[in-house]
Amino acid sequence: MSHMAVLPDQSDQRKPTQIAHVSQQAATKSTIPASVISTPGAKFMTMDIPNFYLMTPLLRPEDIRVKLIDLPEEIIKEYKLREKANKKGCIFLKVVKGMYGLPQSGLLANQLLEKRLNKHGYFQSKIVPGLWAHKTRPM
């Protein structure tokens, strides 16, 4: 059976998403940063989707507090945030989609990815998170 690994490459967040089709013999640490395929002659694909969780819908809205001193002056003026800030210089925002800093963003994104891939016959390994296989065809 062939597998597909979908795991974030944390080594360089600035790199664009890369997709590689590599045989086991050509697999090196640089081409497969977080995956190991041990089946002789196996074929697989790996891709980096580090920002997939951004804009993933949350199960319920979250309220966050932001201090004005943490925002650029240009943004404060553009949106007249001083008028909306409380006495402590904070504004409150309602978040409805995944973003940096929300602990649940990664889990929700993984659940959404699983839902989307399951529709097309892929299933995630119960032992290796981020390792996917197809029900009927090799990849």
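Modeller: A salt bridge is a side-chain nitrogen of Lys or Arg within 4 Å of a carboxyl oxygen of Asp or Glu. A search of the whole structure finds three of them. This is a predicted model, in which local features need pLDDT of at least 70 and side-chain atom pairs count only at pLDDT 80 or more, while totals for chains, interfaces and linings use all residues. Residues are numbered from 1 along each chain as its sequence is written, and side-chain values use heavy atoms, with hydrogens and water left out.

The setting comes first. The chain has three helices and seven strands, where helices (H or I, at least four residues) and strands (E, at least two) are DSSP runs numbered from the N terminus. Read from that end, the order of elements is β-β-β-β-α-α-β-α-β-β. Of the 139 residues, 30% count as buried (under 20% relative accessible area; exposed is over 50% and partly exposed in between, with a 1.4 Å probe and protein chains only).

The salt bridge between Arg-82 and Glu-73 has its closest N and O atoms 2.8 Å apart. Arg-82 belongs to helix α2, which covers residues 81-84, and Glu-73 is partly exposed, at 37% relative accessibility. Arg-82 and Leu-68 are 14 residues apart in sequence, and their C-alpha atoms are 7.8 Å apart in space.

A second salt bridge joins the side chains of Asp-63 and Lys-94, at 3.7 Å from N to O. Asp-63 lies in strand β4 and Lys-94 in strand β5 (residues 90-97), so this pair ties together parts that are 31 residues apart in sequence. Both ends count as exposed: Asp-63 has a relative accessible area of 57%, and Lys-94 has a relative accessibility of 58%.

The remaining salt bridge is formed by Arg-60 and Glu-62, whose closest N and O atoms are 3.1 Å apart. Arg-60 is exposed, with 55% relative accessibility.

Thr-56 is found in the loop between β3 (43-47) and β4 (57-67), and Thr-56 is buried, with a relative accessible area of 4%. Beyond residues up to four places away in sequence, Thr-56 touches Val-96, Lys-97, Gly-98, Leu-108, Ala-109 and Leu-112. Across the chain, 64% of the contacts with a separation of 6 or more are between residues 24 or more positions apart.

Note on methods. Contact = heavy atoms within 4.5 Å.
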